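Okay, thanks everyone, I'll keep this short. Have a look at what's on the screen, and then I'll walk you through a few pieces of it.

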Amino acid sequence: MKTIKTLALTCAIAVGLVSCSDNDNNDSVIQNEAKVLFTSNNADGNVNIYNVTNINSVMKSTLVTSATAADGIYYDGSEDLIVQASRSTLGLEGYAGVSIASSAINATVTANIMSGLNMSSPREVAVNGDFYVVADNADADGLDITKDGRLFIYTKSGSNFTLRNIITTDIKLWGITFIGNDLYAVADTTNELAVYSNFLNNTSTTTLTASKQIAIEGIVRTHGLTYDSMTDTMILTDIGDAGSGTDGGFHVIENFNSKFNSTANGATLAVNQQTRVAGSNTVLGNPVDVAYDGSTKTVFIAEAKNGKILAFNNINTGGNITPVYSADLAAASAVYFYKE
């Protein structure tokens, strides 16, 4: 947990739910960890912020943006910067210095850091240092017979996102995440997970083949993924039939690195090495993105089909479990968990 020296900023990032106090040196003391969930959606493009410090007493605030639809979202606490991939402008939009605004309901914000409008169908955002990578799931070559997508690599410098290069992939894309310097990506329309090793070393605009690709037994069609380095846990979502609002789920893979490394390229990670959550009680139809609090084993889901933000924290045995938190959010598309 980080300690912030400015009392006002500490309270603002906590969105008003974490108690703060001045000590004799006028330094702030965070009495509880501030846990915040940032979300995007494709209904109005606004950023919805949930203080999930106490899952039994969640408060929501909204930043009204100029976007009308958005997907991947990220929060940089060191800069108090929210970044989301706009599906209406087809670029990255950054909202800096919004911690105070985020404590107000329906505060209107203006993007003050923007990229060029380069993309066709932006989805997930993955960040590694000053590099922002966006998965674009539009058909790269216009041929239905081939599976491909594009990864747009932006560098952030000051108040600018600059497009460095574009990688065309050999899989259709949706969710992406970094583990160290390796970029993991779900292969959309399949139950497969791919990795591109030392991804950022590819500095030219080119086509890239996955370093390794495996199937995840039990998943029909994966979309979202997230990785928690403290617990070595990977979570992938399963949207099943995209037209169904009842057949979704998610898989929890603990000791992920050893399991992934011991599964040969092209082979399948067995379902008995995972924990699956699915069933009528879960309200999962099309879970398109996922975030994870490893300290409490809480899984957060952006559920697109049923228009929900969901949280589960009783996932040890998996199965048909009921969310511990559920909030309506039409066309929910992305979630990002931040712990101060």
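This is a predicted model: local features need pLDDT of at least 70, side-chain atom pairs count only at pLDDT 80 or more; totals for chains, interfaces and linings use all residues.

The protein has 29 strands and two helices. Out of 340 residues, 55% are buried. The accessible surface is about 13100 Å², and carbon and sulfur atoms account for 46% of that. On contacts, take the ones between residues at least 6 apart in sequence: 53% of those join residues at least 24 apart.

Now, salt bridges. Side chains of opposite charge can pair when their charged atoms come close. How many salt bridges does the structure hold? There are seven, and I'll show you three of them.

Back to Lys 35, then. Which side chain does Lys 35 meet in a salt bridge? That's Asp 293, at 2.8 Å from N to O. Asp 293 sits in strand S25, residues 287-293, and Lys 35 in strand S3, residues 35-41, so this pair ties together parts that are 258 residues apart in sequence.

Next one: Lys 156 and Glu 79, whose side chains meet at 2.9 Å, N to O. Lys 156 is in strand S13, residues 149-157, and Glu 79 is in the loop between strands S6 and S7, so here the parts being tied together are 77 residues apart in sequence. Buried or partly exposed? Lys 156 is buried, with a relative accessible area of 9%, whereas Glu 79, at 40%, is partly exposed.

Lys 297 is partly exposed at 34%, and Glu 254 is partly exposed at 36%.

While we're in S22, let me stop at His 251, which is found in that strand. Its relative accessible area is 0%, so His 251 is buried. What does the His 251 side chain make polar contacts with? One joins the side chain of His 251 to that of Gln 274, at 2.6 Å, and another goes to the side chain of Arg 276, at 2.7 Å. Leaving out residues up to four places away in sequence, His 251 also touches several others, including Met 234, Leu 236, Thr 275 and Ile 216.

Ile 216 stands opposite Leu 269 in S23. Strand S19, residues 212-216, is joined to S23 by two bridges, and the two run parallel. They belong to an open sheet of five strands, in the order S15-S16-S17-S19-S23, with mixed pairing. S15 and S23 are the edge strands, each pairing on one side only.

Notes
Residues are numbered from 1 along each chain as its sequence is written. Side-chain values use heavy atoms; hydrogens and water are left out. Helices (H or I, at least four residues) and strands (E, at least two) are DSSP runs, numbered from the N terminus. Buried means under 20% relative accessible area, exposed over 50%, partly exposed in between (1.4 Å probe, protein chains only). Contact means heavy atoms within 4.5 Å. Accessible areas come from the Shrake-Rupley method with a 1.4 Å probe; for residues, only the protein chains shown count as cover. A salt bridge is a side-chain nitrogen of Lys or Arg within 4 Å of a carboxyl oxygen of Asp or Glu. Two strands pair if DSSP finds at least two bridges between them. A polar contact is a pair of N or O atoms within 3.5 Å; within protein, one must be able to donate a hydrogen and the other to accept it, and residues adjacent in sequence count only if both atoms are side-chain atoms.
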